[in-house]
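The structure is shown first.

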Amino acid sequence: MTVQLRDLTIQYGRFVAVKGVTAEFPRGSVGLLGRNGAGKSSVLKALLGLLRPTGGQMQILDLPENTDPAEIRRVVGYMPERESHIPLLNGYETVRLAAELTGLPRLAAARRAHEVLYFAGLGEQRYRPVSGYSTGMKQKVKLATALVHDPQVLFLDEPTNGLDPAGRRDMLRLIQDLTTKFGKSIILSSHILSDVEQVCEHVVLMEEGEVLTQGSVKELTSYNTRIIHLVVGGDTDAVCEALRPLAVQPVETQEMSRYQVTVAEDMETGRLFAAVRDAGGVVREFREHRRTLEEVFLSAVRTAERQGGSTDPAGVGA
Amino acid sequence: MTIFDTGYSAFQYEPVSPLARIWSLARMELGKIFKSKKGLVLFILSVVYVMVLLVLTFLNLGPNSEQFSEIGKQLSPRLSPFTREFYLGYSTDAFGFICFVLLTTIIGVRTIAADKAVNALEIYWTRGISPWGYFLGKWIGSFLLLVVVYVAGPLVVWLYGLLSAPDVTFMQETVKFVPSVILALLIKCAVLSFLAVGFSGLSSSPNIAMFMWLIGILGSRALVTILKGFARRHRGDHPEIVQDGPDWYDALCPWDAMVRIEEHVAGITSVSDYNVWIAWASLGALSVVLLVLLRRNLRTTEVMA
């Protein structure tokens, strides 16, 4: 396990940013998802020892719970969300200084800075002042800074923020390489769900300081149900009425006789065709699709709202 | 080479001590002045006086030195390398004051505030350095810069004097006071760089920090002048003589307080002759206030939240 949280609570004055969160982040790449203000960054900062939790417990790797924050930062690399750089320094000097501050000897820091900057894709640009970099280059410097001391775990806070599609693809590919080729554990905090879906095997979904659900991406996107899109000819009300007993969620009726029906995983597709036929309709289009993380997230939010803030993962598929 | 041609490699290392990390930061801070044209010009301007001192030393100790030495001593002790005033004068006069204000304004006073403005503190504090370690690194860096300008210069001039003097008289006469002069300059650099970096830590942007610093230095000097004006009175024994307010008002200005301490340590009779402990108390109180405010301003939660 990379990180374990038990009843973690973080408060800023009277405002409770994280409300008794219990979550597990297995080794590999884990997405920490949620809208802005969900409490993701607060969790990361508490893990880094930068914020003192009001309550609860945290464990990173096998480190004891009361480990000195400086020791935690030696095994963890952090890529901050906000644009940040050290004034007047170029890319190479920034990464080298970060390495020296983490504890690398001077010469080793210099060698390592060159290596990680090449890895991040800033080989030719590393002697230019960071203040003149594009957003994508700044993100790469931040990634190189997080990687320079060869941490076991990387906390990446919104790494694709402000990137154009090509830059985003490059960044996601670098992140993927770090887990698949180099065995790093990554906790990727993001509100861009498609990014997380692309690189993470496991996710923890947060909303308003609470965990809505957590699990593997594969499990969550196929959780007990299938989503079927239908285009049906015939009496709309009758077809809708016929589909209702088969659906596990309210049938969504769209324009041009289009329906979205969420059915149980094990339901036979033939029953759907039969129900439409019995209602006097004709199936003109049938399309089944796997749920995206975005749908899982929105579904979990809706369920939580209906249940008054319940964080039961089962609510996702309900 | 494309971005995916270079693989990532594991890396083993034995962490260096916290002091070595602070030194890395201080070194970086010291080098910053040479990274911009503005800083470089200012640095050169600040060390121009060393050239003047070298020329004066040459005139005093070189050929025709006797003739010049006599003239110099009659004009001002600041023209003779045999006096304390020669080495200290340029750090206490108006030129030294202007250079100091410019130098600290560009370097020390901006340093932490500039880091805050571009969220650099997130980088520092997610590494292995504490907020106080960070402050110490910044202070040492700014201190060393002032040392290069205000201490190394006179030291080089004195060493040049030792090497160019025709006999040991110069060494015998100057070795008695040069250590105290150097100590005075070191104290001045340490205290003023601390105040400059402290002001920087309280501000969220470099411009605010510079404004606060200028108000602190120039404003307090103006305040002293006004207060002395209010306290102006006729002397009892000589009513025709108008006397300003008490000299200790000068201690309200950090620069003047520091000059008083500097002259005391170097053994020079000060124009403003009040108890030197008042100057120490004034700077001490200011430092304590700064530390208390910095404790809040540099908290990780304040910056990261």
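A salt bridge is taken here as a side-chain nitrogen of Lys or Arg within 4 Å of a carboxyl oxygen of Asp or Glu. The model is predicted.

## Salt bridges and polar contacts between the chains

Under that rule, three salt bridges cross the interface of chain B and chain A. A salt bridge joins the side chains of A:Glu100 and B:Arg27, with an N to O distance of 2.9 Å.

Polar contacts across the interface of chain B and chain A amount to 14 residue pairs, with both residues at pLDDT 80 or more.

## Extent of the interface

The size of an interface is often given as the accessible area lost when the parts come together. For chain B and chain A the buried area is about 4300 Å², and 61% of it lies on carbon and sulfur atoms. On the side of chain B, the residues that lose the most area to chain A are B:Tyr8, B:Phe11 and B:Arg127. Together these three residues make up 22% of what that side buries.

Counted by residues, the contact involves 38 from chain B and 49 from chain A.

## Aromatic residues

Over all chains there are 17 aromatic pairs. One of them is formed by B:Trp125 and B:Tyr134, whose rings are edge-to-face, with 5.9 Å centre to centre and 90° between the planes. B:Trp125 is buried, with a relative accessible area of 0%. B:Tyr134 is buried as well, at 0% relative accessibility.

## Cysteines

How many disulfides are there over all chains? The count is zero. B:Cys253 is in no disulfide, and the nearest cysteine sulfur, that of B:Cys189, is 17 Å away.

B:Cys253 is buried, with a relative accessible area of 0%. In chain A, A:Cys240 has a relative accessible area of 12% and is therefore buried too.

Key:
Residues numbered from 1 in each chain as written. Chains lettered and ligands numbered in written order. Predicted model: local features only at pLDDT ≥ 70, side-chain atom pairs only at ≥ 80, totals over all residues. Heavy atoms only, no water. Disulfide = S-S within 2.5 Å. Buried < 20%, exposed > 50% of the residue type's maximum accessible area, 1.4 Å probe, protein only. Phe/Tyr/Trp six-rings, centres within 6.5 Å; stacked < 30°, edge-to-face > 60°. Contact = heavy atoms within 4.5 Å. Buried area = accessible area lost by both parts, 1.4 Å probe. Polar contact = N/O pair within 3.5 Å; in protein donor to acceptor, adjacent residues only side chain to side chain.
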